[in-house]
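Reader: Hi! I'm new to reading protein structures. Could we go through this one together?
Author: Happy to, let's have a look.

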Amino acid sequence: MQHDVQGYWRATLGLLAKVLVIWFIVSFGAGILLADMLNGISLGGYPLGFWFAQQGAIYVFIALIFWYAKKMGDIDREFNVHED
Amino acid sequence: MDLQTTIYLVVGATFALYIGIAIWARAGSTSDYYAAGGGVPPVMNGMATAADWMSAASFISMAGLIANMGYGGGLFLMGWTGGYVLLACLLAPYLRKFGKFTVPQFIGDRFYSQTASTVAVVCLLVASVTYIIGQMTGVGVAFSRFLGVSSDTGIYVGMAIVFTYAVFGGMKGITYTQVAQYIVLIFAYVIPAIFISIALTGVPLPQFGLGANLSGTDVSLLQKLDQVVTELGFGKYTTSTAGSTLNMFVYTLSLMIGTAGLPHVIMRFFTVPTVAAARSSAGWALVFIAILYTTAPAVGAMAKLNLHGTVNSAVGIVNDPKGGLKVDAATVKANADIYAPEASLKYEERPDWMKRWEKTGLLKFEDKNGDGRIQYYNDKTKNEAAKAKAEAAGWKGNELTVNADIIVLANPEIALLPNWVIALVAAGGLAAALSTAAGLLMAISAAISHDLIKGVFAPNISEKGELLAGKISMAVAIVIAGWLGLNPPGFAAGTVALAFGIAASSLFPAIMMGIFSKKMNKEGAIAGMLAGLSVTLFYVFAHKGIFFVKGTEYLNLIGGANSFFGITPEAFGAVGALVNFIVAFVVDKVTKEPPEHIQHMVENVRIPRGSKAVDGAHAH
């Protein structure tokens with residue numbers, strides 16, 4: 001049976017793009033480039049930019065990987081290329 | 001029981017445990033030796049990966065550097081965790097589908113070239129050996145404190161132990177041992193942090209304690225720390241960056257892509273049963289890693305506050321008569337004068353832990369103004385107010401030098417925690433260093449015996465001969481790394497960062513292009529790897545000496561330190577990676593495209609189905 005290989009790869013790349021945008025925003029964005037600005041806001045005793053750089057980004061990374069793994073599983077099944 | 005006996009007992013017990021497991025799970029065939037036979041479930045693989053990953057750099061060194069760097073230390077935290085996102089979605093599932101043992105094997109097959117594989121072996125060796133130098137520095141610190149000897153002697157002892165340990169089992173022995181090591185090291189890291197967080201803020205979870213108020217006050221811990229360090233002339237804790245913002249940016253990026261390019265981490269994902277498991281394994285690994293990584297900033301900040309509190313009574317951290325340290329709310333609220341003469345600690349009255357660390361040479365006191373008291377501040381400050389106050393108080397320069405690499409190990413001692421906690425931390429530090437060193441030595445031995453000797457020089461070598469060659473290469477790697485570790489190119493975490501830069505600039509781009517660019521050919525990949533590696537090594541060696549040998553630096557040749565847009569050598573890997581990509585694409589454009597069957601292979605690697613059929617690591 002011929003699979004829609006092109007379609008599968010397009011869907012994969014689309015998901016990857018989303019993952020990488022979020023990955024970039026929480027670390028390089030909130031943790032570095034915008035940190036000074038975000039430090040004006042506080043989260044408990046944490047300045048927000050500092051929190052992203054030393055705590056927040058890590059939590060988002062974890063969620064991101066599991067979300068990616070789940071979505072990829074869906075895409076695998078949608079294009080019928082999942083493992084048996 | 002006295003402290004030293006407790007340490008021997010706890011460390012001894014954990015070692016007996018690891019060795020017991022290694023014997024019980026001894027590797028049989030070569031495939032067992034390198035890839036654990038594929039019988040490792042994702043959660044356990046995640047734990048073992050975490051142990052493999054969290055080395056002396058993460059455990060011993062990182063929080064100390066964060067304490068020194070403040071906010072800028074976040075680059076280690078983001079860099080060494082963010083890489084797992086890249087690993088999980090860009091590399092791991094595809095390499096698992098490909099189904100071979102090693103990174104050079106993938107590069108050799110994908111780029112249909114023995115040369116490509118050999119170049120990858122070279123990149124892998126340079127990165128791994130640099131990494132082990134960092135480990136050796138950490139092991140030296142741990143053993144010097146643990147045995148009460150100089151840090152050099154500590155390194156010699158460490159070399160012997162790492163060697164015996166690594167040649168014992170293979171990956172399988174190591175996988176189960178590493179699960180045990182993870183458990184030891186994570187308890188060792190988190191327990192003292194919880195104790196300290198409760199003592200300072202009353203909040204048990206250090207992740208929340210760092211953002212909480214000091215007990216009995218409405219001053220937040222970070223606010224107090226900011227105030228104390230700024231008054232003493234250091235940079236403000238919550239905002240000081242590591243060099244420029246650009247440097248922090250590329251440094252973080254280097255660590256991230258280096259994570260995804262380091263062979264001993266990637267190897268882990270060859271050993272999971274399915275492609276789907278490869279994806280979630282990276283997530284599980286990160287969960288276990290994050291427990292330490294989200295605790296580390298609290299450890300760093302709290303240790304720093306405790307250290308300043310110990311040597312200066314005006315900070316408001318005092319000895320609790322019930323044991324440990326506690327917050328003196330009145331002093332904290334009053335913002336007592338740090339420069340008052342009686343605030344500085346008398347050298348004669350220093351706590352025992354300082355005396356113990358003085359023996360290692362990693363903590364030093366020098367009474368510059370002859371008043372018999374310890375003044376600990378930044379005497380090179382650009383903060384004029386701090387400078388004026390120090391001069392007015394008759395301070396003649398900083399009198400206390402604390403090596404950043406001792407902060408974590410000394411942390412429970414600084415906080416005057418019970419002996420069993422101090423012993424546990426010593427055991428955890430050794431577990432971290434040993435597990436990573438062992439994993440790296442595995443990668444080195446696989447690269448030399450499997451990819452180089454069996455693959456290139458002697459294809460007919462027997463299994464026995466291959467294993468022997470692997471063990472000999474481990475021994476050589478340990479000796480070289482140990483020798484260079486005596487004069488390390490930086491703190492453990494800094495040296496390890498260099499290793500990440502090397503992996504980032506050489507291996508990561510080649511693997512990425514191998515998967516995501518069907519048309520990338522062998523000429524492009526080889527040229528890219530060589531360009532990325534050489535430009536990075538050129539910049540690093542200019543700062544740190546040729547192959548890290550002291551005295552061979554050539555900074556004037558590149559126009560001074562950090563001459564490339566203020567980027568430090570540790571951060572340069574991302575630039576190297578960019579060079580790698582550019583060179584590869586240019587060369588690829590002017591040479592002929594890869595053969596049809598390679599393009600089919602890439603298409604096939606992209607699809608999970610059939611993972612069991614191309615199952616090199618699991619065929620036995």
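Author: Let's start with B:Phe547, which sits in the loop between helix 22 (522–544) and helix 23 (573–590) of chain B. Keep in mind that this is a predicted model.

Reader: OK! What is phi of B:Phe547 near?
Author: Phi there is near 50°, a positive value in a residue other than glycine.

Reader: And how exposed does B:Phe547 count as?
Author: B:Phe547 has 14 C-beta neighbours inside 10 Å, so it counts as partly exposed.

Reader: Over in chain A, where is A:Asn80 found?
Author: A:Asn80 is in the segment after helix 3 (48–78) of chain A. Its phi is positive, near 55°, and it is a residue other than glycine.

Reader: Is A:Asn80 buried or exposed?
Author: A:Asn80 counts as exposed, because it has 11 C-beta neighbours inside 10 Å. The cut-off for exposed is 12 or fewer.

Reader: At what angle do helix 11 and helix 14 of chain B cross?
Author: Roughly 50°, and their axes come within 10 Å. The two helices are therefore oblique to each other, and their crossing is left-handed.

Reader: Which residues of helix 11 and helix 14 meet there?
Author: From helix 11 of chain B come B:Leu221, B:Leu222, B:Lys224, B:Leu225 and B:Val228, and they meet B:Ala301, B:Lys304, B:Leu305 and B:His308 in helix 14 of chain B. That contact has six nonpolar, one polar and two charged residues.

Reader: One last pair! How do helix 4 and helix 19 of chain B cross?
Author: The axes of helix 4 (residues 56–69) and helix 19 (residues 419–457) of chain B cross at roughly 135° and come within 7 Å. These helices are therefore oblique to each other.

Reader: And what meets what in helix 4 and helix 19?
Author: B:Ala56, B:Ser58, B:Phe59 and B:Ile60 in helix 4 of chain B meet B:Gly428, B:Gly429, B:Ala432, B:Ala433 and B:Thr436 in helix 19 of chain B. By class, the residues of this contact are five nonpolar, four polar and no charged.

Notes:
Residues numbered from 1 in each chain as written. Chains lettered and ligands numbered in written order. Predicted model: local features only at pLDDT ≥ 70, side-chain atom pairs only at ≥ 80, totals over all residues. Axes fitted to C-alpha atoms, helices over the stretch in contact; angles between N-to-C directions. Helix = DSSP H or I, 4+ residues; strand = E, 2+ residues; numbered from the N terminus. Parallel < 35°, antiparallel > 145°, perpendicular 65-115°, else oblique. Left-handed = near helix turned anticlockwise from the far one by under 90°. Contact = placed C-beta atoms within 7 Å. Nonpolar A, V, L, I, M, F, W, Y, C, P; charged D, E, K, R; others polar. Buried ≥ 20, exposed ≤ 12 C-beta atoms within 10 Å, placed from the backbone.
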